[in-house]
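Hi everyone, thanks for making time for this. Have a look at the sequence and the structure on the screen, and I'll talk you through a few places in it.

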Amino acid sequence: MDWFPLLNSLRIAVIAAVIVFFLGIAAAYYIAKLPRALKGVLDVVFTLPLVLPPTVVGYLLLMLLGPKRVIGAWMLEHFAVKLTMQWWSAVFAVSVVVFPLMYRTARGAFESFDETLAQAGQTLGLSNTWIFWRIRMPACRQGILAGAVLAFARALGEYGATSMLAGYTPGKTATVATEVYQLWRIGNDALALRWVLVNIAISAVVLLAVNLLERRTPRGKGASL
């Protein structure tokens with residue numbers, strides 16, 4: 001049994017989870033400060049990949065990153081880098097698909113934060129950066145970590161956008177999801193079932209971690225100054 005699809009899925013999911021962790025937190029924090037109308041528009045834009053079919057997301061990314069499209073052609077001409085049909089092409093697709101999960105979870109965590117704690121810190125002369133990292137983030141850490149773990153789990157099982165942007169090449173771009181489809185397509189149900197069980201086992205562990213994080217989330221409590 002070739003373990004490349006699992007290793008490839010794990011590295012894609014880890015990289016994408018790290019990317020959306022920081023982008024999701026930044027977006028959730030700064031968008032909350034914008035005027036209501038602009039915040040509503042950006043919220044729709046950032047959440048849209050959550051409701052669109054993954055194949056549609058993959059198609060839109062191909063329209064941007066394909067070798068004959070604006071960004072893809074520019075990268076190919078100036079840096080000789082093809083943005084599609086590489087293992088790391090899946091990172092782009094997965095990041096876009098799972099970003100809304102991290103963004104909305106982080107936004108929910110920040111909205112539940114007791115702002116009087118930040119205001120108290122400001123009266124003590126603390127900087128916004130200090131307040132963010134030492135007060136706001138510790139108070140919201142369980143919710144944010146749960147979002148990151150959930151984003152990782154979703155990234156691990158992503159198929160639609162990944163297959164559109166990275167394709168399927170054994171030993172190069174294959175992931176667990178694309179491997180299962182290819183094995184089913186050629187009639188190798190026994191090996192496909194093994195991969196399904198592997199994916200179910202990993203997903204169950206990840207979801208268990210999310211449940212544990214949610215149980216540890218303090219109710220009605222904030223960080224102390």
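Let's start with a question: are H2 and H5 parallel, perpendicular or oblique to each other? Keep in mind as you look that this is a predicted model. Two packed helices are described by the angle between their axes and the distance between the axes. Here, the axes of helix H2, residues 36-51, and helix H5, residues 89-111, cross at roughly 125° and come within 6 Å. H2 and H5 are therefore oblique to each other. Their crossing is left-handed.

Now for the residues that meet there. On the H2 side we have Asp 43, Phe 46, Thr 47, Pro 49 and Leu 50. On the H5 side, the partners include Val 96, Val 97, Phe 99, Pro 100 and Tyr 103, and also Arg 104 and Arg 107. By class, the contact of H2 with H5 has nine nonpolar residues, one polar and three charged.

H5 also packs with helix H3, residues 54-65, at an angle of about 130° and with the axes 10 Å apart. That makes H3 oblique to H5. The crossing of H3 and H5 is right-handed, whereas that of H2 and H5 is left-handed. From H3, the residues in this contact are Val 57, Leu 61 and Leu 65. They meet Phe 92, Ala 93, Val 96 and Val 97 in H5. If you sort the residues of the contact of H3 with H5 by class, you get seven nonpolar, no polar and no charged.

In soluble globular proteins, nonpolar side chains tend to be buried together. In this model the largest nonpolar core has 45 residues, and Ile 25, Val 98, Met 102, Phe 110 and Ile 144 have the most contacts inside it. Which elements give two or more residues to this core? They are helix H1 (4-31), H3, H5, helix H6 (115-123), helix H7 (128-156) and H8. Take Phe 110 as an example: beyond its neighbours within four places in sequence, Phe 110 is in contact with residues including Ile 25, Tyr 29, Phe 132, Cys 140 and Ile 144. Glu 115 and Arg 136 are also among the contacts of Phe 110. There is a second, separate core of six residues, among them Val 176, Leu 183, Ala 192 and Val 198.

Next, Thr 175, in the loop between helix H8 (160-165) and helix H9 (176-185). Is Thr 175 buried or exposed? With a relative accessible area of 5%, Thr 175 is buried. Leaving aside neighbours within four places in sequence, Thr 175 touches Pro 5, Asn 8, Ser 9, Ile 12 and Thr 162.

Most residues other than glycine have a negative phi, and most peptide bonds are trans. Ala 80, though not a glycine, has a positive phi of about 55°. Ala 80 sits in the loop between helix H4 (70-79) and H5, and counts as exposed at 64% relative accessibility. Met 85 lies in the loop between H4 and H5, and its phi is positive too, near 60°. Met 85 is partly exposed, with a relative accessible area of 35%.

That's my tour, and I'm happy to go back to any of it.

Definitions and conventions
Residues are numbered from 1 along each chain as its sequence is written. This is a predicted model: local features need pLDDT of at least 70, side-chain atom pairs count only at pLDDT 80 or more; totals for chains, interfaces and linings use all residues. Side-chain values use heavy atoms; hydrogens and water are left out. Helices (H or I, at least four residues) and strands (E, at least two) are DSSP runs, numbered from the N terminus. Buried means under 20% relative accessible area, exposed over 50%, partly exposed in between (1.4 Å probe, protein chains only). Contact means heavy atoms within 4.5 Å. Axes are lines fitted to C-alpha atoms, for helices over the stretch in contact, and angles run from 0 to 180 degrees between N-to-C directions. Angles under 35 degrees count as roughly parallel, over 145 as roughly antiparallel, 65 to 115 as roughly perpendicular and the rest as oblique. A crossing is left-handed if the near helix is turned anticlockwise from the far one by less than a right angle, and right-handed if clockwise. Ala, Val, Leu, Ile, Met, Phe, Trp, Tyr, Cys and Pro count as nonpolar, Asp, Glu, Lys and Arg as charged, and the others, Gly among them, as polar. A nonpolar core is a set of buried Ala, Val, Leu, Ile, Met, Phe, Trp, Tyr and Cys residues joined through side-chain atoms within 4.5 Å.
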